[in-house]
Amino acid sequence: WLRGRCLGRGAAVDPARDTFGAMTGLYGAIQPADSVSLSTRTHGAVFNLEYSPDGSVLTVACEQTEVLLFDPISSKHIKTLSEAHEDCVNNIRFLDNRLFATCSDDTTIALWDLRKLNTKVCTLHGHTSWVKNIEYDTNTRLLVTSGFDGNVIIWDTNRCTEDGCPHKKFFHTRFLMRMRLTPDCSKMLISTSSGYLLILHDLDLNKSLEVGSYPILRARRTTSSSDITSSGSSGPRAVGSPCHQSNAGPLSEKTLSRPSQREGGSPRNSLEVLTPEVPGERDRGNCITSLQLHPKGWATLLRCSSNTDDQEWTCVYEFQEGAPVRPVSPRCSLRLTHCIEEANVGRGYIKELCFSPDGRMISSPHGFGIRLLGFDAHCSELVDCLPREASPLREIRSLYSHNDVVLTTKFSPTHCQIASGCLSGRVSLYQPKF
């Protein structure tokens, strides 16, 4: 019973659980609704979708410098920010119900206020290449961005003016693709195009990380279920770190042989470097293109492609804490629990998937539509159906309403609604029909 409480089970821990269960049941009756009415045909492909926290506004990041805003309930177009940036708009993040940030290939981040959309609140300059990702720590009011220059930059929105925000470079790594913060902001995850996944534990955003200033926990492949159940398996395979070290090149044997500090509590901003296990990719490199986190911080969701770009997978990795399974090596923080092969269409484009607000379901772009995936056929909580060995994700429903490759999808945080956007610029909404 105590262990169940620690895992977030039971009404005493999550009183909204029955409500989420009812919402999950509604997704079984979901159908494509009418596409949102667009007043412009110049926006290009849809790269990202984001709902406001109260679900009242749906924002759309577009290929051709535009940001579109819709009322998701009536499917009515509210506003077009026709020159939001000077290049592709890649990501949108709401800081609260009114303020949101956008980032672009023009290397800038812009802050906007829904109450005054004619002008930007301010423009942030600091990246030297395409900016691809925005995160926000609501506790410290720090904005965190990452880009293809390999930099993760922290912006202090507490001291924001029309000229911008004070900022500092927090972290740097080669081949950076996506960066995410866990819901409690205790960890930062960074995915790379070279197949590495970096985890900064016990995160302290107020402390800048210089080259070589962070403790390296261990570079290794993530644990598979067979590794856990087998007693005669060998130690982990050491791999090179993609991070810039003071002695350029792979991590030295001296670095790799240091004892892990996770058992006694890792220091602030300690770095763990992993190569996530991907089905069928044990001997080939892979690129982590999309990175999402479970809304309760239980797991991470990755979309991976092979180095030859002929296969893609959606994979779920459970966060593990505590003592290692084998005393000869430190515990790997992630364990592959579920996976499914995806349709490899639209090569060269990143497909952004997402968790439902309660974490029971996954919406994944699949060809010209989306697939709703569950951990089991009953859409159970992840902690209630953890398998001993990696299991396939269950396809709950497939929805097709586009005439081009779907690039992004998003659940509404407050309503039983899903949005998706495709390469030709169409945005579709899905709602239950009885």
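Helices (H or I, at least four residues) and strands (E, at least two) are DSSP runs, numbered from the N terminus. This is a predicted model: local features need pLDDT of at least 70, side-chain atom pairs count only at pLDDT 80 or more, and totals for chains, interfaces and linings use all residues. Residues are numbered from 1 along each chain as its sequence is written, and side-chain values use heavy atoms, without hydrogens and water.

- Residues 82-115 are 0% helix and 53% strand, with end C-alpha atoms 17 Å apart.
- Residues 124-156 are 0% helix and 64% strand, and their end C-alpha atoms lie 11 Å apart.

- Four strands make an open, antiparallel sheet in the order 2-3-4-5. Pairing requires at least two DSSP bridges between two strands.
- Strand 2 (46-51) and strand 5 (76-81) are the edges; each has a single partner strand, so one side of each lacks a neighbour in the sheet.
- The twist averages 20 degrees from one strand to the next. Axes are lines fitted to C-alpha atoms, for helices over the stretch in contact; angles run from 0 to 180 degrees between N-to-C directions.
- Strand 4 (residues 67-71) is joined to strand 5 by five bridges and runs antiparallel to it. Asp 71 has Lys 76 of strand 5 as its bridge partner.

**Thr 337**
- Thr 337 sits in strand 22 (residues 334-342).
- Thr 337 counts as buried because its relative accessibility is 0%. Buried means under 20% relative accessible area, exposed over 50%, partly exposed in between (1.4 Å probe, protein chains only).
- Beyond four places away in sequence, Thr 337 touches residues including Val 316, Glu 318, Leu 382 and Ser 391. Contact means heavy atoms within 4.5 Å.
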